[in-house]
Amino acid sequence: MEIKRKFTVVGAALLAAGVAAASLTGCSSSGTSSSSGSSAAKGSYTFWDPYPQYDATSDWAKVIDTCAASAGVTIKRSGYDTSGLTNKALLAGQQSNSPDILLVDNPVVSTLASAGILTTTDQNQLVVGDVATNILSAGVIDSKTYGVPIGSNTLALYYNPTVLKAAGVDIASITDWTSLTAALQKVTAAGHKGITFSAIGTEEGSFQFLPWFWGAGADLTQLDSTKAESALQLWTDWVKKGYAPNSVINNTQTTSWQEFQTGDFAFAENGTWQKADATKMGDLVIPLPAATGGSAPAPTGGEFLTIPVQKDTSRYVASAKIVTCLSSTENIVKTDNTLNYISVGKEAQAAQLAADPTLKPWVDAVQVAKARTGDNLGTKYPKISEQLWTAVQKALSGSATPADALKAAQSAAK
Amino acid sequence: MTAQLSVPARRVRRRGGWTAWAFIAPVVIYLLVFYAYPLARNVELSVRDYTVRSFIDGTAPFVGFANYRAVFANPTFGPALLNTGLFVGVSILFQFSIGLALAVFFVRQFPLSGMLRALFLVPWLLPLLVSGSVWSWMLNSDSGIVNSFLEAAGIGQINWLTSPHWSLFAVLIANIWIGIPFNLVILYSGLEGIPLEVYEAASIDGANGWQKFLRITLPLLRPVSAITILLGLVYTLKVFDLIWIMTRGGPADSSTTFAIWSYRLGFGSLLPDFSPAAAVGNLLILVALIFGLIYIRTQSRLDPA
Amino acid sequence: MRKRPWWKTVVGVILTAVMLFPVYWMINVSLTPARNMRKSPPNLIPIDATLDGYRRVMEQQLPFLGTSLVIGVGTVLLTLVLAAPAAYSLAKLRPRGGSALSFVLLIAQMIPAIIMAMGFYAIYLNLGLLNSIPGLILADSTIAVPFGVLIFTAFMSSIPDELIQAAKIDGASVWRTFISIVLPVSRNSVVTVSLFAFLWSWSDFIFATTLDGGGDFQPITLGIYRYIGNNNQEWNAIMATAVVASIPAAVLLLVAQRYVAAGVTAGAVKD
């Protein structure tokens, strides 16, 4: 009896604590005005994005609410982990439970479009504003536009001036791969660490490798070309000689940045989203060098606003209004500043530059960036990308030579 | 007397039959809806050729065993099979023996034994995202604490997570660590169930500690050990989160098990490929099934009642 | 006899310390500022400690912890309600097809969680259970119920038949016998199954993300994703969440340990 009472007490205490804490949810849930159950009632729209780091009190959530209000509807926003969002979108699409607006990473747009769960601008009557072609191309398949970008980001080479000075390296001398490797040699000889990047076996790894891949002049349809091999050889040599740490094989872009933050490294390849952090640390940035000089084309990052297929097509009207509102110049500059992205239209970019002239190198980089699924690669890209990062992993970990790894990659990607 | 009892006995037996099924019925329905249905869907996914489009509109063509044949022919199949075998075998071996050793250690009360035993279960509470991440952190080639210790001890840096030779070891260590609490709990309670009189009788007969362990403890613990090992096998076969977080099955498939491979095919790239993923998943279930059958066979041989 | 326990305590403490080193490391990381995250070699003690992670957890994660608690308790209750009667039936009432059912329960545990979660999505959508707490309770119970039935069956088989017979002679129905005689005697296995069910539900991620990703009430395993943005991860906050999340479960563990210990698979006193 005594034990039974003890259990009842413990159980009741747990339950009470749980309910009390859960009731605090009223103050901070990820949605705003919620629709009951899973089916949205008329007038209540659903919005999925890959930003779980922003909750209902963030600027991002507020701008969504404002745009929804101006379209005359209430909206429920949910932030999901970006790596699981594709699967969720497909699962929802299969059950005709798609959200009204879906914000996804740009290389995934073609996958979702080919699955048939996204509407084209013909279907949803969305008017695409001023968007640079190179960025929009990720959302254009067979001349049909499936979405508009919320902003863009890309990669560049951050450097630590203190470390470079201590090693006697002049940043202006770094113009191509040879000079970069020479600088790395000098830096490691002086007792510091060379360069850090992310070569992990996910899309992030491919993303980070592409500026070198394209910088050598290689093409994604030909993974085993000599140019591609030279790019992979560059990285492999760096790791072998200790200019880049072994941990790059498992680094995400975040952990790579954390290595750079220790102050030991001279260089880090990372993205626009770190610029605020870099400025705080006193680090500067130059474009990633191409093999023989000039800037290497970097891939475009950033998400696209898409309108999934709905049974009730009259919903597209309000959805399109919300999307237009979110991508309007005024809102997009505010949003992109929050996300640390670069705007995608000339007018918006000018506004960003006017407010913050230090953005110039990033604006320039975005203007020459390439979309990964562009050149009509579309749904071929995911397979190619997976083989590319696998090859990089094999070469860097010593399981295969760059040539063999890329040859295997090309035959698997066919 | 007998006549009076025979009528209630018959009534009880019939009532027992109906009541017995009434007690079980909820679980049977539960099993059908929540286990049979996803399993059936998975089998269906594996015998059709699903693209993302046909996943949405349901028009995938029936391809029979083509997906399975492709899986067997895939170059990853061999390494995945080997890694799965090694991973499961070594994990169970160490989880069980360390768990048993600890259970034996704790079975006689000593000061603080209750609290220490409870503390041993803490690894179990952590979400796998966290355990996996902590181990990743500790085993990092350059900034990991384990390598710091190794370098201090003069052994030098080991690339735990990034070398094809060491990646399987790294995930094994983490998995053994996570599995010890489960084994400890079950084996401990099994040990507690062995009455002390048996040991005392053996002491009187002159048996020493090791002999008592081999001749008394192990045999009496057999049913508990069997179920612990079987469940451990089934759970270890399914292990996915840990390896995914630590190495993603890499580099170059060196730590890829069937569970990892299945997930990677389905969700590891930007373009989900559900059919081969489902095929590998079903192969996994098949392997677990075979172990289950072996267990049943061993059980019935040990315990003919 | 008096001298032996002390060296055991020392050895016990050392073993526990080794086993818990990763947990210590988790606490260490939770107090580490971002710039020291990848310091090589790492600090053994958090010299530059920052309470940033914990501050954010206190501000943001409590609702998630509460939800996890509710789901955990719910899972325990549902598991017990489903598993105990079924196990009693398998152990004592011996219906026809009982051993087949045991086998099926064994197989049921072999299905990987992702396959189950994807299958549940369609069911939940049609039943309106998506993004709801009862939905997650139901899903998490699928992790514990087969295991629960197996443990209960093993335990209840060893309850002496005389006890059950005595009740029957007194005129008790099967249900009455179950409630008044079998359950109280099975208290240790009840505690064990409850413990497993709670812990498995507490650390579940796959069901949570597939079936409750967009809900207003999310468990702590999803709450952690607050700190995992699309481009950035904040490790000290993630680890701080884990530390704070471990506390209720650790308390539960300490309370329940005593009962789990006392012989799950052994029965009531055997003659």
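Please keep in mind that the model is predicted. Chain B has 14 helices and zero strands, and 69 of its residues are in contact with 70 residues of chain C. Chain A brings in some strands, with an open sheet of four of them.

**Chain B: overall build**

- If you trace chain B from the N terminus, the elements read α-α-α-α-α-α-α-α-α-α-α-α-α-α.
- The radius of gyration of chain B is 25 Å, whereas a compact globule of 305 residues would have one near 19 Å.
- Along the principal axes, the C-alpha atoms of chain B fill a box of roughly 75 × 60 × 30 Å.
- Buried residues make up 49% of the 305 residues in chain B.
- Taking contacts in chain B between residues at least 6 apart in sequence, 67% join residues at least 24 apart.

**Chain B: two domains**

- Where the two meet, nine residues of domain 1 of chain B are in contact with eight residues of domain 2 of chain B.
- On the domain 1 side of this contact in chain B, α1 and α2 (52-57) are the elements that give two or more residues, and α1(B) gives the most, with four residues.
- That side of domain 1 of chain B has five nonpolar, two polar and two charged residues.

**Chain B meets chain C**

- Helix α1 (residues 2-47) of chain B turns up here as well: its 19 residues are the largest share of the side of chain B that touches chain C.
- By class, this side of chain B has 50 nonpolar, 13 polar and six charged residues.

**The sheet in chain A**

- The strand order in chain A is β8-β9-β7-β10, and the pairing is mixed.
- β8 (193-196) and β10 (284-286) of chain A each have a single partner strand, so these edge strands are left with one side that has no neighbour in the sheet.
- From one strand to the next, the twist averages 25°.
- Strands β7 (residues 155-159) and β9 (residues 265-271) of chain A pair in the antiparallel sense over five bridges; Tyr158(A) has Ala268(A) in β9(A) as its bridge partner.
- Helix α11 (residues 253-261) of chain A packs on the sheet and touches β7, β8 and β9 of chain A. The direction of helix α11 of chain A makes about 150° with that of β9(A).

Conventions:
Residues are numbered from 1 along each chain as its sequence is written. Chains are lettered from A and ligands numbered from 1 in the order in which they are written. This is a predicted model: local features need pLDDT of at least 70, side-chain atom pairs count only at pLDDT 80 or more; totals for chains, interfaces and linings use all residues. Two residues are in contact if their C-beta atoms, placed from the backbone, lie within 7 Å. Ala, Val, Leu, Ile, Met, Phe, Trp, Tyr, Cys and Pro count as nonpolar, Asp, Glu, Lys and Arg as charged, and the others, Gly among them, as polar. Two strands pair if DSSP finds at least two bridges between them. Axes are lines fitted to C-alpha atoms, for helices over the stretch in contact, and angles run from 0 to 180 degrees between N-to-C directions. The radius of gyration is taken over C-alpha atoms; the globule rule is 2.2 Å times the number of residues to the power 0.38. A residue is buried if 20 or more other C-beta atoms lie within 10 Å of its own, exposed if 12 or fewer, and partly exposed in between; C-beta atoms are placed from the backbone.
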